[in-house]
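This report describes selected helices, contacts and backbone features of one model. Please consult the sequence and the structure while reading.

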Amino acid sequence: MDLISNLELGFSVALSFNNIALCFIGCLVGTLIGVLPGVGPIATIAMLLPITFGIDPTGALIMLAGIYYGAQYGGSTTAILVNIPGEATSVVTVLDGHQMAKQGRPGVALGMAAIASFFAGTVATLVIAALGAPLTKLAQLFGPAEYFSLMVMGLVFAMVLARGSLVKAFAMIVMGLLLSTIGTDLETGEPRLTFGIENLSDGIEFAVLAMGVFGFAEIIRNLENPEARDVVRGSIGRLLPNKEDFKQAALPIVRGTGIGAALGILPGNGAVLGPFASYSIEKKLAKDPRRFGRGAIEGVAGPEAANNAGAQTAFIPLLTLGIPPNAVMALMVGAMTIHGIIPGPQVMTKNPQLFWGMIASMWIGNLMLLIINLPLVGLWARLLKVPYRLLFPAILLFCCIGIYSINNSVEQVIMTAFFGFFGYALIKFGFEPAPMLLGFVLGKLMEEKLRQALILSRGNFMTFVERPVSGGLLLVAVVLVVAALLPAIRKSREEVFTE
Amino acid sequence: MKFLAKLAFAAAALAAGSVSAQTYPAKPVTMIVPFAAGGPTDVIARIVGEHMSRTLGQQIVIENVAGAGGTTGTTRAAQAANDGYTIMMGHMGTHGAAPALYPNLRYDPTKDFEPIGLAAGTPILIVAKKAFPANDLKSFTDHVKANADKLNLAHAGVGSVSHSTGILLGSMIGAKPTMVPYTGTGPALNDLVSGQVDFMTDQIVNVAEQIRAGTIRAYAIATPTRSPALPDVPTTTEAGLPQYQVSAWNAMFAPKGTSADAVAKLNDALRKALADEATRKRLLDLGAVLPSADEQTPAWLGAFVAKEVERWNPVLKAAR
């Protein structure tokens with residue numbers, strides 16, 4: 001078997017002392033920066049690039065990849081503990097993860113997130129190794145029209161995310177879509193809705209919006225009444241999930257892994273949809289959907305698995321085609337280029353040691369992350385016992401550093417403060433920020449793909465229906481909407497959409 | 001006693017100040033790269049910057065300030081303190097095409113900077129999807145001319161290198177294909193490989209591996225000589241479009257008024273980096289073209305920028 005001999009080669013590279021050490025450093029650094037709100041993998045990899053100059057390319061890439069998926073792990077920790085999603089993919093984890101933490105089960109949430117991620121990482125590594133090349137061909141079927149239809153389907157998912165009323169959720173999605181239109185027009189290069197503020201010329205940074213409406217707003221809300229503690233004061237409870245938890249989470253993890261892995265392959269940052277899709281599906285399948293948003297473990301396990309699977313399979317377009325699907329992967333391309341390896345379709349045959357070594361190191365990295373994270377769960381959980389007067393300034397400080405590090409810009413820190421007050425107003429009026437964030441993330445991609453598809457079809461809207469993959473996706477979206485709106489099944493809709 | 005200590009401290013500080021004025025650089029130098037980390041300009045800045053740090057004895061710290069086709073970071077560099085501790089890596093877009101593309105540009109590439117020196121350029125190639133029905137540049141241009149209304153030219157967004165060079169190509173062969181904007185080279189290249197769009201022009205470092213693997217086809221390289229990285233690809237001169245000469249050049253600039261001493265030291269460090277065997281090899285492996293000795297002076301760069309601004313202005317304004 002080719003696969004086995006290839007993996008053997010990979011593990012022989014990845015298991016050298018140097019590479020294990022580099023993988024460990026990468027995972028550790030990744031976890032730490034992931035925990036710090038806002039300091040994302042992009043800023044860290046860019047900062048650490050010069051350090052890797054002295055290392056051989058394989059080792060350097062193993063370390064940088066470790067930072068990337070380490071950050072995914074660490075990001076969930078912040079999402080669960082302090083209600084701040086550092087990246088689009090951890091928005092969903094906030095919903096039930098933070099509720100679990102509030103109910104005194106932060107350890108269970110963190111532990112389940114780590115285990116779900118490990119399972120997803122293992123499966124995704126195998127998918128990359130065995131099916132990377134053929135899956136790439138499949139993903140190539142996705143043109144702008146197909147992406148647009150996929151995003152439309154994603155928007156329908158967004159409505160299910162809401163805990164409150166459907167109308168409010170819809171309003172927030174539209175709000176997110178509107179916010180995403182701020183910035184330079186794709187086709188003409190004209191600034192739109194920027195009011196002459198140069199920092200808005202590329203639109204609002206996701207982290208700025210997310211950290212404002214989640215992190216900052218949450219802190220302001222907590223300041224309202226000093227008595228109420230967001231996080232449990234007394235016992236932290238069990239640190240690790242028990243048998244019952246596993247029973248509840250097992251199937252969501254498997255489903256989440258499948259969804260995340262499939263969406264991650266798409267070379268247009270389809271991975272962001274993974275956790276949202278997983279959450280929606282779990283909520284639909286659950287016997288009692290009302291538990292969601294109130295600390296349902298499936299709402300942590302499924303999306304976390306989807307998140308990590310997607311993060312891993314996002315390497316497929318990079319490794320098999322040499323084309324980066326998102327900003328982090330573009331940076332990995334830069335790292336490879338600096339090390340004299342220009343990624344392309346032939347990396348696999350030209351640099352088999354690098355290719356298979358990286359794949360093997362992904363699994364080793366996931367194992368390391370589990371080993372690093374499980375003992376840390378107790379430590380992180382204890383962090384919640386830090387008094388507010390110390391915790392809040394620290395969170396704000398780290399958020400500010402993180403936001404500054406995105407583009408070395410003070411203005412973006414100020415903008416985050418603005419969105420903090422905006423988010424506080426939303427909380428006061430009972431609007432959910434999560435659908436807005438999904439609308440925002442999808443809005444950018446949707447507009448881009450919509451316009452590309454229409455330019456390619458010379459303005460013919462039929463292109464979305466005529467292309468089979470696109471038409472199929474739209475059909476699913478229509479079915480979902482009809483199911484939600486038909487008066488005959490109104491009762492079940494209310495069960496799904498309202499508390 | 002306290003007063004004396006303060007006085008001594010002040011004296012020491014003064015002394016340190018005057019020393020640092022004499023021995024530039026006395027602290028790390030920030031080099032603004034107006035694009036996201038990982039792109040061709042960033043990679044070149046990091047490779048060159050690493051060797052320059054060794055010559056200067058101070059670290060050159062890369063600061064990526066992306067946005068608005070590189071003009072956000074360039075504006076910041078233009079407005080930075082002109083003490084020699086903030087410099088930037090500009091390129092064809094920020095210091096050539098930008099004035100024609102952005103009517104409200106807050107800097108003038110010819111007036112607001114002290115040129116330091118040309119670093120390295122990456123040649124532009126004319127590439128098309130695998131199934132494009134042409135075997136050489138001649139039949140390519142004929143096909144584009146005959147079918148301009150049906151063909152799609154991909155680019156990485158307004159202000160990007162592929163955007164400007166694509167417009168230039170269209171104006172030279174006298175055809176206006178439909179421009180399809182993408183948000184970066186990666187997505188554009190992806191749709192070229194999968195055949196959603198028909199052709200584009202882009203930097204060698206982005207497309208070389210795809211050409212070698214045969215996932216896209218190359219018709220010509222827009223430099224006077226063939227590239228050792230792709231020896232089979234003819235030059236535009238050989239293939240019959242000699243007027244299409246363009247490369248995505250990268251060059252270092254300091255804010256206006258930076259001392260001649262600092263500029264001279266930075267230029268010297270840049271020259272040493274470009275003369276270093278290992279650095280040269282890393283740049284050449286990318287397919288980059290390195291400047292000749294007479295192209296490495298600040299004066300040459302100053303004149304070159306003025307020529308570039310003049311060259312892009314009519315082409316891009318006509319396309320608007």
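Helices (H or I, at least four residues) and strands (E, at least two) are DSSP runs, numbered from the N terminus. The model is predicted: local features need pLDDT of at least 70 and side-chain atom pairs count only at pLDDT 80 or more, while totals for chains, interfaces and linings use all residues. Residues are numbered from 1 along each chain as its sequence is written, and chains are lettered from A and ligands numbered from 1 in the order in which they are written.

In H12(B), a kink of about 30° lies at B:Asn313, shortly before the proline B:Pro314. This helix covers residues 298-319 of chain B. Its buried residues (20 or more other C-beta atoms, placed from the backbone, within 10 Å of their own) are B:Pro298, B:Leu301, B:Val305, B:Glu308, B:Trp312 and B:Leu316. An α-helix has 3.6 residues a turn, so residues three or four places apart point the same way. The cover over the buried residues of H12(B) includes helices H4, H6 and H10 and strands S4 and S9 of chain B.

## Two partners of H16 in chain A

Axes are lines fitted to C-alpha atoms, for helices over the stretch in contact, and angles run from 0 to 180 degrees between N-to-C directions. The axes of H6(A) (residues 106-139) and H16(A) (residues 352-383) come within 9 Å and cross at roughly 180°. H6(A) is therefore roughly antiparallel to H16(A), a term for angles over 145 degrees. The contact of H6(A) with H16(A) has 14 nonpolar, eight polar and no charged residues. Here Ala, Val, Leu, Ile, Met, Phe, Trp, Tyr, Cys and Pro count as nonpolar, Asp, Glu, Lys and Arg as charged, and the others, Gly among them, as polar.

The axes of H1(A) (residues 2-14) and H16(A) come within 7 Å and cross at roughly 75°. H1(A) is thus roughly perpendicular to H16(A), the term for 65 to 115 degrees.

## Backbone features in loops

The peptide bond from B:Tyr24 to B:Pro25 is cis, with omega near -5°. B:Pro25 belongs to the loop between helix H1 and strand S1 of chain B.

A positive phi of about 50° occurs at A:Leu193, although this residue is not a glycine. A:Leu193 is exposed, having 12 other C-beta atoms within 10 Å; the limit for exposed is 12 or fewer. B:Ala68, also not a glycine, has a positive phi of about 50°, and B:Ala68 is buried, with 27 C-beta neighbours inside 10 Å.

Conventions. The expected span of a helix is 1.5 Å times one less than its number of residues. The bend at a residue is the angle between axes fitted to the seven residues ending there and the seven starting there. Two residues are in contact if their C-beta atoms, placed from the backbone, lie within 7 Å. Angles under 35 degrees count as roughly parallel, over 145 as roughly antiparallel, 65 to 115 as roughly perpendicular and the rest as oblique.
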